[in-house]
Amino acid sequence: MTQQTITLIGGGLVGALLAQLLAKRGFKVEVFEKRADPRLAGFIGGRSINLALAERGLQALRTAGLAGDVLQRAVMMRGRMVHPVSGTSGLQRYGVDDSEVIWSVSRGGLNMLLLDAAEAAGVTFHFGQGLATADLDARNITLIDDNGTQRQHDASVLIGADGAGSALRAAMNEYQPLGQRVEPLGHGYKELEIPPATGADHFAIEPHALHIWPRGGYMCIALPNTEGSFTVTLFLPAHGPHPSFDTLPDATAASAFFRQDFPDLLPLIPDFAADYDGHPVGSLSTLYLDRWHIDGRALLIGDAAHAIVPFHGQGMNCGFEDTVVLADLLAESGSDTADAFAEFQRIRKPNADAIAAMALENYIEMRDSVADPRYLAKRELGARLAERAPQHFMARYRMVTFTHLPYAYAFERGRAQDVLLEQLLRGSTNVEEVPLDAAVATLHATLPPLPPLR
Ligand code: FAD
């Protein structure tokens with residue numbers, strides 16, 4: 001039997017992992033990546049940009065045999081360290097113990113590790129080759145290099161892992177409308193850096209936490225890097241009244257704002273002016289598509305199919321979960337890629353829609369509610385119910401972050417649990433006023449048990 005060839009566009013996080021999984025399942029895989037090989041060229045100017053890896057992403061990496069290698073290069077984050085404007089910072093643990101933590105990983109380091117693994121599995125990469133157009137009738141693509149030189153390449157089965165601005169998606173959409181809708185968040189982001197501290201402890205602040213400075217309509221977060229630095233991200237409205245990126249166009253305006261709103265953070269960023277003026281403002285949007293594929297010829301995966309806002313730390317995790325589902329479906333389907341692509345969309349789209357909605361909701365939670373007494377009361381009551389009735393109650397964050405329960409299930413169940421918590425608290429912020437035995441009885445009577453966890 002001849003080996004089926006799959007042409008992948010994009011060798012980023014999702015593309016590189018998918019390529020390895022497909023090669024291990026016997027496919028011949030070719031990847032065209034617009035950028036130069038980061039292992040030779042250095043990743044994004046050497047800046048440390050990191051991401052939170054959670055259970056779903058880890059599970060996909062286990063399937064690829066790479067989880068151990070990745071965790072060796074990761075920093076454990078046990079919970080959220082919340083920094084109010086004044087007063088003391090406190091750690092809100094994510095789980096009951098260190099079995100429920102998330103991991104801060106370097107985006108560049110992870111990408112390079114995945115590229116090495118894919119190459120070792122037999123994948124061929126063509127770097128510096130961006131997709132320009134795709135002729136889906138002729139099953140042919142046009143690639144363009146940095147010098148503007150174009151070349152043609154046959155591609156009977158195409159998969160687009162080329163990110164939120166996917167060129168394959170544009171070509172597919174032109175061929176047959178995909179029902180595309182892009183909803184801008186209206187907020188942008190900028191990355192800053194806390195450098196390693198001098199002395200025995202390399203970290204200037206608690207290393208094993210995701211730090212949040214919630215300020216209502218905006219916030220900063222910081223994730224640790226193995227070498228002791230932290231990547232700080234400022235999230236702020238893009239336009240409009242102060243504070244927005246419009247009203248903070250440069251480091252002079254921004255440092256005055258930070259002195260007032262983030263007084264404990266500013267002194268930790270010695271190169272604030274260079275970081276602020278040198279780093280671009282990133283934009284954030286949610287991408288919705290009605291269709292992810294054109295019969296068996298072309299399919300979108302990862303951010304190319306469902307880019308989401310980053311506030312649940314799940315974009316990559318969701319894309320990694322995608323890769324395992326797709327690799328399994330393609331391996332089972334033989335040469336019937338149309339069936340596999342349709343089934344992939346059927347399984348994954350409701351879940352992508354659910355995590356898109358939860359990621360948007362989580363922005364409000366992170367920038368605002370983590371300091372809100374009503375939110376904290378619900379969280380505390382939820383924790384008590386989960387302890388007393390673990391088969392019936394699990395915080396939504398925990399379902400999303402530490403289990404493999406489908407996102408769509410976590411979304412629905414989270415809604416139902418939230419309604420119940422509101423009813424039990426009746427507007428109070430004092431959990432002690434809620435009789436726990438009666439609350440557990442109501443929970444049992446209202447909601448079915450949770451599904452078994454794998
Ligand atoms: P990308 O990572 O965008 O990779 C696409 C690849 O395709 C790139 O290598 C690109 O060069 C290549 N490419 C683009 N166009 C072409 C072309 N025409 N031809 C060939 N190649 C092309 N997710 C998490 O799980 N946890 C987090 O903590 C987290 N934090 C985030 C923070 C921020 C500020 C942002 C913006 C996102 C965050 N995400 C996080 C989301 C995560 O970054 C994405 O979901 C993830 O990178 C998607 O991977 P991907 O491979 O689909 O796309």
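Welcome to this predicted model.

**Stop 1: where the domains meet**

Now look at the boundary between the two colours. Here 13 residues of domain 1 are in contact with ten residues of domain 2. How much area is buried between domain 1 and domain 2? The value is about 960 Å², and carbon and sulfur atoms give 60% of it. Select H312, N351 and M358 next: within domain 1 these residues lose the most area to domain 2, and together they make up 48% of what that side buries.

**Stop 2: polar links across the boundary**

Stay at the boundary and show the side chains. Two salt bridges are counted between domain 1 and domain 2. Then select R415 and E361, which form a salt bridge with their closest N and O atoms 3.8 Å apart. The interface of the two domains also holds four residue pairs in polar contact.

Helix α11 gives the most, with eight residues. If you colour this side of domain 1 by residue type, you will find six nonpolar, four polar and three charged residues.

**Stop 3: around the ligand**

Move on to the ligand and select its surroundings. There are 28 residues around the ligand, and E33, A52, R107, L131 and D303 come nearest. Zoom in on R107 first: a polar atom of the R107 side chain is 2.5 Å from a ligand oxygen. Next, turn to the backbone of K34, where an N or O atom lies 3.1 Å from a nitrogen atom of the ligand. Then find G313, which has a polar backbone atom 3.1 Å from an oxygen atom of the ligand.

**Stop 4**

For the last stop, show the charged side chains of the model. The count comes to 25 salt bridges. One to select is the pair R56 and E321, whose side chains meet at 3.1 Å, N to O.

Key: Residues are numbered from 1 along each chain as its sequence is written. This is a predicted model: local features need pLDDT of at least 70, side-chain atom pairs count only at pLDDT 80 or more; totals for chains, interfaces and linings use all residues. Side-chain values use heavy atoms; hydrogens and water are left out. Contact means heavy atoms within 4.5 Å. Buried area is the accessible area (1.4 Å probe) that two parts lose on being put together, summed over both. A salt bridge is a side-chain nitrogen of Lys or Arg within 4 Å of a carboxyl oxygen of Asp or Glu. A polar contact is a pair of N or O atoms within 3.5 Å; within protein, one must be able to donate a hydrogen and the other to accept it, and residues adjacent in sequence count only if both atoms are side-chain atoms. Helices (H or I, at least four residues) and strands (E, at least two) are DSSP runs, numbered from the N terminus. Ala, Val, Leu, Ile, Met, Phe, Trp, Tyr, Cys and Pro count as nonpolar, Asp, Glu, Lys and Arg as charged, and the others, Gly among them, as polar. A residue is near a molecule or strand if one of its heavy atoms lies within 4 Å of it.
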